[in-house]
Amino acid sequence: MYKENEKYIKCSKKLVCHLIISLLLYLVIGWILRIIFDYYSSKIHTSIMEWFTLRIELIQFLYIIIGFINIFMYYWNKPWKYLNEIINAVEILFKNDSVIKLSEPLKEIESQMNQIKMSYLMADQSMKVAESKKSELVAYIAHDIRTPLTSIIGYLSLIKDMPELTVNKRQEYIEILLAKAMHLEQMVNEFFEITQYNTQKIEINKQEVDLYYLFVQLTDEFYPMLVENGNILKLEINENLYCNIDPEKMTRAFSNLLKNAISYSYSNTEIFISAKICDDKLIIVFKNEGETLSEMELLRIFEKFNRLDKSRASVSNGAGLGLSIAKEIVQLHCGDIVAKSEDGTISFTITIPN
């Protein structure tokens with residue numbers, strides 16, 4: 001508020017200064033004209049000159065009065081002119097993309113109004129993008145939930161409408177139903193988790209963690225999935241490698257990355273996980289052999305619901321949020337994750353301050 005008053009006082013002083021200078025300049029011009037008139041009236045003796053000489057005081061008085069009135073009116077109307085400019089600028093502030101232009105004394109206000117306009121346009125654009133992403137989110141959720149749900153309804157209808165089903169067949173359908181329901185639960189949990197990361201301030205609880213032991217546990221957990229795809233997991237991690245991370249959240253990120261590596265690895269190939277501490281930074285690399293990804297695919301790989309088309313038909317995959325969740329967790333640790341793909345290999349490099 002104080003700064004605004006200071007600007008107002010400064011602007012008022014500037015106008016008053018210009019007014020005084022204009023009045024003095026006008027008086028000086030009048031004085032010079034009077035000297036010129038007196039000089040010529042002494043040299044030239046005509047009836048017209050005598051008529052002006054007799055009335056010179058009145059003419060001089062009218063010159064001062066009319067001039068002062070015009071000068072005062074000019075400076076009186078200036079603030080109103082500025083006000084009209086500002087009012088017109090406010091009217092177009094939120095209407096179009098044109099840049100606001102004001103008179104020279106209002107350049108500071110012009111700059112501020114253009115900044116407001118730019119902020120509004122950016123906020124409006126962000127709102128449109130957010131609305132588009134929301135619609136996209138609803139479409140993805142509807143598509144992904146509908147697939148397992150349709151299968152569940154189909155198998156339940158079979159069990160209901162075919163009482164003559166054998167016990168073995170009924171048991172087979174029930175196992176399929178359970179798998180579909182678990183897949184649906186996994187997807188709903190992923191939707192809920194990514195919503196939490198986007199809408200809430202998630203706190204991390206860092207602890208000193210034995211990274212080698214953590215990955216050994218992770219290997220055991222994913223052993224059935226590795227065997228099914230014919231992959232071998234190789235750890236290139238020194239024993240007793242300790243780091244400062246949130247074990248629960250980072251285990252979630254590592255699980256997502258390992259699951260992604262298995263899902264997109266060629267069968268009967270090796271998956272490598274390496275970890276080391278260098279320059280007070282923890283560097284973890286997940287590397288597997290698989291189809292080389294294009295630059296466009298790499299740019300979009302951490303986007304929500306981003307999956308290769310071939311994975312969409314697979315019931316073993318989630319909602320395409322695994323890598324997005326992993327990136328959110330790494331960023332919570334003030335770290336970064338980068339994906340690279342070349343010569344039939346895909347790698348994800350995590351860098352976290354230790």
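I looked up W51 first: at 43% relative accessibility it is partly exposed, because that value falls between the 20% and 50% cut-offs. This is a predicted model, and I read every entry below as such.

**Aromatic pairs**

I then counted the aromatic pairs and got nine. W51 and F52 make one of them, with centres 5.2 Å apart and planes at 90°, an edge-to-face arrangement.

I checked F302 and F348 next. Their ring centres are 6.0 Å apart and the planes stand at 80°, so I logged this pair as edge-to-face; the angle is over the 60-degree cut-off. Which parts of the chain does the pair tie together? F302 sits in the loop between α8 (295–299) and α9 (309–312), and F348 in strand β7 (residues 345–353), so the pair joins parts 46 residues apart in sequence. Both F302 and F348 are buried.

I also noted one aromatic cluster, formed by Y26, Y63 and F68.

**The sheet**

I traced the strands. Five of them form an open sheet, ordered β2-β4-β5-β7-β6, with mixed pairing. Which strands stand at the edges? They are β2 (232–237) and β6 (336–342); each has a single partner strand, so one side of each lacks a neighbour in the sheet. From one strand to the next, the twist averages 15°.

C278 stands opposite K281 in β5. Helix α6 (residues 211–229) packs on this sheet and touches β2, β4 and β5. The direction of α6 makes about 175° with that of β2.

**Salt bridges**

I counted seven salt bridges. In one of them, E57 pairs with R34, and the closest N and O atoms are 3.4 Å apart. E57 lies in helix α3 (residues 56–93) and R34 in helix α1 (residues 2–43), so I marked the pair as a link between distant parts of the chain, 23 residues apart. E57 is exposed, with a relative accessible area of 52%. R34, D38 and E57 are linked in a network of salt bridges.

I went back to the sheet for another one. K234 and E270 form a salt bridge, with 3.1 Å between the closest N and O atoms. K234 lies in strand β2 and E270 in strand β4, so this pair ties together parts 36 residues apart in sequence. Are the two side chains buried, exposed or partly exposed? K234 is partly exposed at 37% relative accessibility, and E270 is partly exposed at 26%.

D161 and K160 meet in a salt bridge as well, at 3.8 Å from N to O. Both D161 and K160 are exposed.

I picked out N256, in helix α7 (residues 247–263). N256 is buried, with a relative accessible area of 8%. What does N256 contact beyond its neighbours within four places in sequence? The partners are G322, I325 and A326.

**Whole-protein totals**

The protein has 10 helices and seven strands. Of its 354 residues, 31% are buried. Among contacts with a separation of 6 or more, 68% are between residues 24 or more positions apart.

Notes. Residues numbered from 1 in each chain as written. Predicted model: local features only at pLDDT ≥ 70, side-chain atom pairs only at ≥ 80, totals over all residues. Heavy atoms only, no water. Phe/Tyr/Trp six-rings, centres within 6.5 Å; stacked < 30°, edge-to-face > 60°. Buried < 20%, exposed > 50% of the residue type's maximum accessible area, 1.4 Å probe, protein only. Helix = DSSP H or I, 4+ residues; strand = E, 2+ residues; numbered from the N terminus. Pairing = 2+ DSSP bridges. Axes fitted to C-alpha atoms, helices over the stretch in contact; angles between N-to-C directions. Contact = heavy atoms within 4.5 Å. Salt bridge = Lys/Arg side-chain N within 4 Å of Asp/Glu carboxyl O.
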